[in-house]
Amino acid sequence: MNIIEQMLSNYEITTEADLINALKEIFQEIALLGLYQGGFFEKAAFYGGTALRILYGLPRFSEDLDFTLLEKNSDFNLEQYFPFIIDEFEALGITIDISQKTKKDFKSDIASAFLKNGTSIHTLNIQANNLGHILDGVHSGKKLKIKFEVDTNPPLKFQTEAKTLLLPKTFNIITMTLPNLYAGKMHAVLCRKWISRVKGRDWYDFEWYVKRNTPLNLEHLQTRMYESVDLDKDIVLDEKLFKELMYKRIDELDVDGAIKEVSPFIKDKSGFEFWSKDYFRLLTDKVILGK
């Protein structure tokens, strides 16, 4: 059994979609190993939904790798780490290429709350035709893509911690702590610009945080909202205002659309029967605020 097969054995795979989700996550972890080998985490922290999934056990799959620099640096060049990522994939017999994606070419019916001038976007293209023994011919020639973004002009006032992964081999990742990851998620919940389709993953993650009794770093959320110009800098984001903003956002929420968007990334869909505007108001009332 090779490393890829060993990592796949940790997943319950019953459909092609399960296999693709599992492979994407494994490839994300290989990419993280490459970044670690290049010293990337001396300058940056891992955050976002994939960080929640891989490092903290969020029960949904996530597509992208999101990072934030520990200090603002508009001259930061992610490409210096590409050879380390490529080396890790090649060591496992996997062919990849990494291409830069300019913002003007970024098209989606879900606009990112974090897509701004200080964001560097790249796409990892993984050719699957040399994985036939794993894919059993079903996806031969399919190219899997993983987008990763680095915020080179990040809102600060956040804390980090080290987390250890054991596969493909043991290595450490620097990530935001959960209260700060929570702040980033609530920034998306409150400020993401819905074009035609709500991002249900934001609301799924919000529910997950509340159920875990994770404290929300309100100061970091405030800093994010200042920098995205979603909150005037002469206004303090306190508990009362936070809840008012949440209730307003919930009033605008297309609950059915949110369920439809997040469903492909969730195996256990039984919890969706409780999703409603009243349910999300209840969750809002249970948010624990902290720093």
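This is a predicted model: local features need pLDDT of at least 70, side-chain atom pairs count only at pLDDT 80 or more; totals for chains, interfaces and linings use all residues.
Residues are numbered from 1 along each chain as its sequence is written, and side-chain values use heavy atoms, with hydrogens and water left out.

On the terms: helices (H or I, at least four residues) and strands (E, at least two) are DSSP runs, numbered from the N terminus. Two strands pair if DSSP finds at least two bridges between them.

Back to S2. S1 and S2 run antiparallel and are joined by four bridges. S2 is also joined to S5, again by four bridges, but here the strands run parallel. Asp 66 takes part on that side too, with Glu 149 as its bridge partner in S5.

How many of the residues of S2 are buried? Five of its five are, where buried means under 20% relative accessible area, exposed means over 50%, and partly exposed is in between, using a 1.4 Å probe and protein chains only. In a regular strand the side chains alternate between the two faces of the sheet. Here both faces are covered: Leu 65, Phe 67 and Leu 69 are buried on one side, and Asp 66 and Thr 68 on the other.

Phe 67 brings me to the aromatic pairs. Rings of Phe, Tyr and Trp (for Trp, the six-membered ring) pair if their centres lie within 6.5 Å; planes under 30 degrees apart count as stacked, over 60 as edge-to-face, and the rest as tilted. The whole structure has 20 such pairs. In one of them, the rings of Phe 40 and Phe 67 have centres 5.0 Å apart and planes at 85 degrees, so this pair is edge-to-face. It links distant parts of the chain, 27 residues apart: Phe 40 is in the loop between helix H2 (16–37) and strand S1 (44–47), and Phe 67 is in S2 (residues 65–69). Both Phe 40 and Phe 67 are buried.

Elsewhere, one aromatic cluster is formed by Trp 203, Tyr 204, Phe 206, Phe 272, Trp 275, Tyr 279 and Phe 280.

Next, helix H3, residues 49–56. Eight of its eight residues are buried, including Arg 53. The charged end of Arg 53 sits over the ring of Phe 61, 4.1 Å from its centre; the criterion is that NZ of Lys or CZ of Arg is within 6 Å of the ring centre and within 35 degrees of the ring normal. After H3 comes Gly 57, with a positive phi near 80 degrees.

Now the helix packing. H2 packs against helix H4 (residues 82–91) at about 130 degrees, with the axes 7 Å apart. Axes are lines fitted to C-alpha atoms, for helices over the stretch in contact, and angles run from 0 to 180 degrees between N-to-C directions. H2 and H4 are therefore oblique to each other: angles under 35 degrees count as roughly parallel, over 145 as roughly antiparallel, 65 to 115 as roughly perpendicular, and the rest as oblique.

Further along is a hairpin of S6 and S7, with five residues between the strands. S6 (residues 160–165) and S7 (residues 171–176) run antiparallel and are joined by six bridges. Leu 165 stands opposite Phe 171. Pro 168 is in the loop between S6 and S7, and the peptide bond from Leu 167 to Pro 168 is cis, with omega near 5 degrees.

Most residues other than glycine have a negative phi, and most peptide bonds are trans. Lys 157 is not a glycine, yet its phi is positive, about 60 degrees; this residue is in the loop between S5 (143–151) and S6.

Val 229 also has a positive phi, near 60 degrees. Is Val 229 buried or exposed? At 69% relative accessibility, Val 229 counts as exposed. Val 229 lies in the loop between H8 and H9, and Leu 231 is found in that loop too. Leu 231, however, is buried, with a relative accessible area of 8%. Its C-alpha atom is separated by 9.8 Å from that of Cys 191, 40 residues apart along the chain.

Last, Leu 216, in strand S8 (residues 215–217). Leu 216 is buried, at 0% relative accessible area. The C-alpha atoms of Leu 216 and Asn 180 are separated by 7.0 Å, with the two residues 36 apart along the chain.
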